[in-house]
Structure formats: structure tokens, C-alpha cells
Amino acid sequence: MTEESKEPVDAVSRQVETARKVRKIVVIALISIVLLVAVVILSGYVYLQSAVSAMDEEDESTVEVEIPIGSSTMGIGQILEDEGLITNATFF
């Protein structure tokens, strides 16, 4: 083989190798992004679930709370938080 006939083969093999590296980087980046999104969604779900759940779900005692007529949802949430019935009035 002559030097001239080797050059195109080397160029093609370099392009193939470069394409493999690029595909590998893209796959790793996509997997990383999907995992990151999954972690963020799961963390948000757990946080919101804990924010709106009752303080003590096992306690079956009755608690009387007076809610004034015309109270807003935010006002009701604040009353329930002040009474220790929920953990976060904002998410209520």
C-alpha cells in the first residue's frame, strides 16, 4: 500500500472513532439528565407529602378548632399550623 491510499482509511477511522466518542458522551449526558430530573421529582414529592400530612397520623384524638366565617384558605392553614395539626400552612 502506498501512503496516499492509507490517508483516506486513517481519516475514516478517525471519524468513526470520533462519532463513537460523541455518541458515548451524549448517552452519558442523557442518562445523567434523566437521573437528575427523577431525583428532583422524587425529592419534591417527598417534601410536599411531608408538608401536607398530619403531624401525628397515629393519634386518633379529636381536636376542636374554631375557623372564623369567611376565612381564606391561607388563614385556615395558618390556624391549623398554629394548633399543631399540620406542618406547613403554605402547602395546605
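# Charge and surface in a predicted model

User: Which residues gather in the patch of negative charge on the surface?
Analyst: Asp56, Glu58, Asp59 and Glu60 come together there as a negatively charged surface patch. Please keep in mind that this is a predicted model, and that the values I quote are computed from it.

User: Where is Asp59 placed?
Analyst: Asp59 sits in the loop between α1 and α2, the latter helix covering residues 73-82. Asp59 has a relative accessibility of 44%, so it counts as partly exposed.

User: And where is Asp56 found?
Analyst: Asp56 also belongs to the loop between α1 and α2, and with 46% relative accessibility Asp56 is classed as partly exposed.

User: How far are the C-alpha atoms of Asp56 and Gly84 separated?
Analyst: Their C-alpha atoms lie 9.4 Å from each other, while along the chain Asp56 and Gly84 are 28 residues apart.

User: Switching to salt bridges, how many does the structure hold?
Analyst: There is one salt bridge in the structure. It joins Arg20 to Glu17, with 3.9 Å between the closest N and O atoms, a distance that falls within the 4 Å cut-off used for a salt bridge.

User: New topic: which residues make the nonpolar surface patch?
Analyst: Tyr47, Leu48, Val52 and Phe91 make that patch, and its area is about 360 Å². Of these residues, Val52 is placed in helix α1, and a relative accessible area of 44% makes Val52 partly exposed.

User: Zooming out, what does the secondary structure of the protein chain come to?
Analyst: The protein chain has two helices and zero strands.

User: What share of its residues count as buried?
Analyst: The protein chain has 92 residues, of which 8% count as buried. Its accessible surface amounts to about 7,900 Å², and carbon and sulfur atoms account for 62% of that area.

User: And what part of the contacts comes from residues 24 or more positions apart?
Analyst: Among contacts in the protein chain with a separation of 6 or more, 41% are between residues 24 or more positions apart.

Key. Residues numbered from 1 in each chain as written. Predicted model: local features only at pLDDT ≥ 70, side-chain atom pairs only at ≥ 80, totals over all residues. Heavy atoms only, no water. Salt bridge = Lys/Arg side-chain N within 4 Å of Asp/Glu carboxyl O. Patch = residues over 30% accessible without salt bridge, like charges linked within 9 Å, V, L, I, M, F, W, Y side chains within 5 Å. Areas by Shrake-Rupley, 256 points an atom, 1.4 Å probe, with all protein chains shown as cover. Lys, Arg positive; Asp, Glu negative; His and termini not counted. Charge placed at Lys NZ, Arg CZ, Asp CG, Glu CD. Helix = DSSP H or I, 4+ residues; strand = E, 2+ residues; numbered from the N terminus. Buried < 20%, exposed > 50% of the residue type's maximum accessible area, 1.4 Å probe, protein only. Contact = heavy atoms within 4.5 Å.
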